[in-house]
Amino acid sequence: MKLQPIRAQKGEIEFRKKLVEQQVKGNQHFQDEFDAAAIERILAERMEKTRLRMRDLVDQGVVVDPYIEIGAERCQRSLVMENDVKATGAACDLSFDTLRGGEHYAHVFSKDKMPLRVCCDAHRLPFLDNSIPFVFCYEFLHHFPEPTPIVREAFRVLSPGGTFVFEEEPCRPAVRLRIYSGLKMYSKESQRRGWMRRTLDDLFARPVCNETEHGIIENDDLTMGDWMRATKVFPVRSVRIRASRHFASEMVKPPNLALSALCRVLGGEVSGVC
């Protein structure tokens with residue numbers, strides 16, 4: 001299994017520090033990253049989406065307390081867990097600066113209770129085997145050469161019958177040609193793209209973003225096969241792909257083979273409950 005190299009970890013730390021300085025302290029490092037007001041709007045949307053997702057999991061009988069969030073960034077989702085879901089747990093991230101920035105966003109969003117913040121490597125979570133019933137992450141696993149080592153580490157710390165949830169991960173389409181360089185992610189130009197330009201960029205453009213310029217891995221070439229292999233350590237799992245607004249399918253035991261095949265071809269966004 002391939003692990004995240006040191007240079008990528010160093011890039012994560014350096015880039016996230018600059019991002020916190022720009023979005024919290026007002027120091028301008030990037031012309032094409034969100035400013036303080038814009039990131040607060042985005043975080044508010046992510047927090048509400050997390051609240052609804054966690055409420056749905058609780059309604060399904062999933063035990064979410066205590067929890068570990070890996071790749072917690074600014075602690076926005078762990079703040080939801082602590083204050084809205086009323087769960088207690090740990091927000092884990094490699095970046096000390098983004099975790100420290102959680103205090104700022106707790107104030108911005110009027111969240112009184114902070115999670116335990118743990119600065120650590122997701123390859124080696126500082127938790128005992130079989131100790132935590134719920135581990136989750138959002139937009140995190142594609143920052144590694146392959147997700148399998150991180151998924152296995154989540155499996156290690158889960159208590160018997162525990163649940164691992166991952167959300168908003170990429171799955172590449174069956175056909176993808178890197179013909180031209182796309183617009184830089186988060187730039188004003190990229191935000192104004194119409195649906196046709198977005199589709200063309202997904203199929204033919206080489207991704208460009210500040211993360212990769214810092215050496216951070218943005219692995220959007222992960223296939224459905226990669227996700228299935230990564231999660232096979234779990235005896236019970238649901239892996240779902242949403243290919244577009246109109247097409248989505250369960251992939252472990254698809255009820256419709258033609259629809260699941262179409263989703264594999266189109267690629268899209270992957271989530272899982274294991």
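Start with the lining of the second largest pocket: by class, 4 residues are nonpolar, 3 polar and 8 charged. The model is predicted. The pocket has a volume of about 360 Å³. Its lining counts 15 residues. Select Arg53, Glu167, Arg240, Glu269 and Ser271, which lie nearest the centre.

Now colour by element. α2 (36–59), β5 (158–171), β8 (238–242) and β10 (268–273) each supply at least two lining residues. Which of them gives the most? β10 does, with 5 residues.

Next, the salt bridges. The structure holds 16.

**Stop one: Arg46 and Glu73.** Select both side chains. Their closest N and O atoms are 4.0 Å apart. The pair links distant parts of the chain, 27 residues apart. Arginine 46 sits in helix α2, while glutamate 73 is in the loop between β1 (67–70) and α3 (76–83). Buried or partly exposed: what is arginine 46? Its relative accessible area is 19%, so arginine 46 is buried, the cut-off being under 20%. Glutamate 73, at 24%, is partly exposed.

**Stop two: Asp97 and Arg100.** Move to helix α4 (residues 96–108), which holds both residues. They are 3 residues apart, about one turn of the helix. Aspartate 97 is buried at 14% relative accessibility. Arginine 100 is partly exposed at 43%.

**Stop three: Glu103 and Arg117.** Here the closest N and O atoms of the salt bridge are 2.9 Å apart. The pair links distant parts of the chain: glutamate 103 in helix α4 and arginine 117 in strand β3 (residues 116–119), 14 residues apart. Glutamate 103 has 46% relative accessibility and counts as partly exposed. Arginine 117 is partly exposed too, at 30%.

Go to proline 133 in strand β4 (residues 132–138). Proline 133 is buried, at 14% relative accessibility.

Then pick threonine 199 in helix α7 (residues 195–204). Threonine 199 is partly exposed at 37%. Its C-alpha atom is 10 Å from that of leucine 266, 67 residues away along the chain.

Valine 265 lies in helix α10 (residues 257–266). Valine 265 is partly exposed, with a relative accessible area of 46%.

Conventions. Residues are numbered from 1 along each chain as its sequence is written. This is a predicted model: local features need pLDDT of at least 70, side-chain atom pairs count only at pLDDT 80 or more; totals for chains, interfaces and linings use all residues. Side-chain values use heavy atoms; hydrogens and water are left out. Helices (H or I, at least four residues) and strands (E, at least two) are DSSP runs, numbered from the N terminus. Buried means under 20% relative accessible area, exposed over 50%, partly exposed in between (1.4 Å probe, protein chains only). On a 1 Å grid over the protein atoms alone, a cavity is a set of points where a 1.4 Å probe fits but cannot get out, and a pocket is an open set with protein on both sides within 12 Å along at least five of seven lines; lining residues have an atom within 4 Å of a point. Grid points are joined across faces, edges and corners, and a volume is the space filled by probe spheres set on the points. Ala, Val, Leu, Ile, Met, Phe, Trp, Tyr, Cys and Pro count as nonpolar, Asp, Glu, Lys and Arg as charged, and the others, Gly among them, as polar. A salt bridge is a side-chain nitrogen of Lys or Arg within 4 Å of a carboxyl oxygen of Asp or Glu.
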